[in-house]
Amino acid sequence: MKMLVTGAAGFIGYYTVLKLLEAGHEVVGLDSINDYYEVGLKHGRLKETGIDVNSIEYGKLVQSEKFRNYKFIKLELQDKEGLEKIYDMFSFNRVCHLAAQAGVRYSIDNPRAYIDSNISGFLNILECCRNHETEHLVYASSSSVYGLNEKMPFSTSHNVDHPVSLYAATKKSNELMAHAYSCLYNIPVTGLRFFTVYGPWGRPDMAYYKFTKAIYEGQPIDVYNKGNMMRDFTYIDDIVEGVVRVMDIIPKGDKSWSGEKPDPSSSRFPYKIYNIGNNKPVKLLDFIKALENAIGKNAVMNFMPMQPGDVLATFADVDELVKDAGFKPSTIIDEGIGRFVEWYRKFYTLG
């Protein structure tokens, strides 16, 4: 099939592109390659997929030198005309929309970037899917939408009306926008709430990446809420396996869905929400210990108070994913962290 993957130079997008190419699909990767974090890392991912980064020009398709069924284009989500041209050219069967302005704390200082990319950009994707009758749109949501919810584990049937960051609010908005388009235009849409994704080629703005850099350099690490936090850390391979499986599960609408007792994760229209998490939350201090063991060096910890936009814990209920996709994330922390640290040493030539 013909697939579009947005955010193709990003962490999850890069791995998703590889997985789809290995399955034999024709893939177009799209990314703005912005400088939210080091562009060299994004270029490194693109090179791994055979893209000559020196030949990248805005709005120009670049053929992979490694995969005959892969092309890449640098394009902004806000560029509606550019998006329409790509959709016209390829008539995508399915779209995996992973591009977004990420980061909880960055959204506090740079709110407009989130509206431009996550709201306006997502609207353009929805419009293109409507105009080209896309078979299935799968898009990235986030565990951040659970906000002030303290009932564990987080279930897609829970209320998510109390976000604590603008980033989370934009992801909640994406889910609402997707439902509206599913209702109005019968577009099959599936949202994926990712839980703290980590692994090789990860985002350097994430805590585990910053911790690793600091430990290697002998610098102190800031540990918020004195380490009294838990996260459902999910290894990248598990995330991407879930993404690719869900792309083949096209929602058709639930005939038993009731407006009197509405389930937020489904609808009478072709709309669905899944959690993708490890289902085994880990204490932050235990996660740091796994990093110390893999690196072979102790961290110097600077204990800090809770930060605005943070939540105490995340814990994914993945029963719906298991039931529909036959898959449950299972990579343990020690194994996943070991792979990340091994990659980090090679990428930054630390020996």
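Which residue in E12 does Gly-191 stand opposite? Gly-191 stands opposite Ile-273 in E12. The model described here is predicted; local features need pLDDT of at least 70, side-chain atom pairs count only at pLDDT 80 or more, and totals for chains, interfaces and linings use all residues. Residues are numbered from 1 along each chain as its sequence is written, and side-chain values use heavy atoms, with hydrogens and water left out. Helices (H or I, at least four residues) and strands (E, at least two) are DSSP runs, numbered from the N terminus.

**The sheet**

- An open sheet is formed by 8 strands in the order E3-E4-E2-E1-E5-E6-E7-E12, and its pairing is mixed; two strands pair if DSSP finds at least two bridges between them.
- Strand E3 (61–63) and E12 are the edge strands, each pairing on one side only.
- On average, neighbouring strands of this sheet are turned by 20 degrees against each other, direction ignored. Axes are lines fitted to C-alpha atoms, for helices over the stretch in contact, and angles run from 0 to 180 degrees between N-to-C directions.
- Strand E5 (residues 94–97) pairs with E6 in the parallel sense over 4 bridges, and Cys-96 stands opposite Val-138 in E6.
- Helix H5 (residues 111–131) lies across strand E1 (2–6), E5 and E6, and runs at about 165 degrees to E6.

- Strand E7 (residues 189–194) is mostly covered, with 6 of its 6 residues buried; buried means under 20% relative accessible area, exposed over 50%, and partly exposed in between (1.4 Å probe, protein chains only).
- In a regular strand, side chains alternate between the two faces of the sheet. In E7, Val-189, Gly-191 and Arg-193 point one way, while Thr-190, Leu-192 and Phe-194 point the other way.
- Strand E6 (residues 136–142) runs parallel to E7 and is joined to it by 6 bridges; Phe-194 in E7 is the bridge partner of Ser-142.
- E7 also pairs with strand E12 (residues 271–276) in the parallel sense, over 6 bridges.
- E6, helix H6 (residues 166–185) and E7 make a right-handed β-α-β unit. A crossover is right-handed if, with the strands pointing away from the viewer, the path from the first strand over the helix to the second runs clockwise.

**Helix H2**

- In helix H2 (residues 39–48), the residues Leu-41, Lys-42, Gly-44, Arg-45 and Leu-46 are buried.
- The buried residues of H2 pack against helix H1 (11–22), strand E4 (70–74), helix H7 (207–217) and H11; contact means heavy atoms within 4.5 Å.

**Tyr-348**

- Tyr-348 is placed in the segment after helix H11 (333–347), and it counts as partly exposed because its relative accessibility is 25%.
- Leaving aside neighbours within four places in sequence, Tyr-348 is in contact with Glu-38 and Tyr-209.
- The side chains of Tyr-348 and Glu-38 are joined by a polar contact of 3.3 Å. A polar contact is a pair of N or O atoms within 3.5 Å; within protein, one must be able to donate a hydrogen and the other to accept it, and residues adjacent in sequence count only if both atoms are side-chain atoms.

**Cysteines**

- A search of the whole structure finds 0 disulfides, a disulfide being a pair of cysteine sulfur atoms within 2.5 Å.
- The closest cysteine sulfur to that of Cys-128 is in Cys-129, at 7.1 Å, which is too far for a bond.
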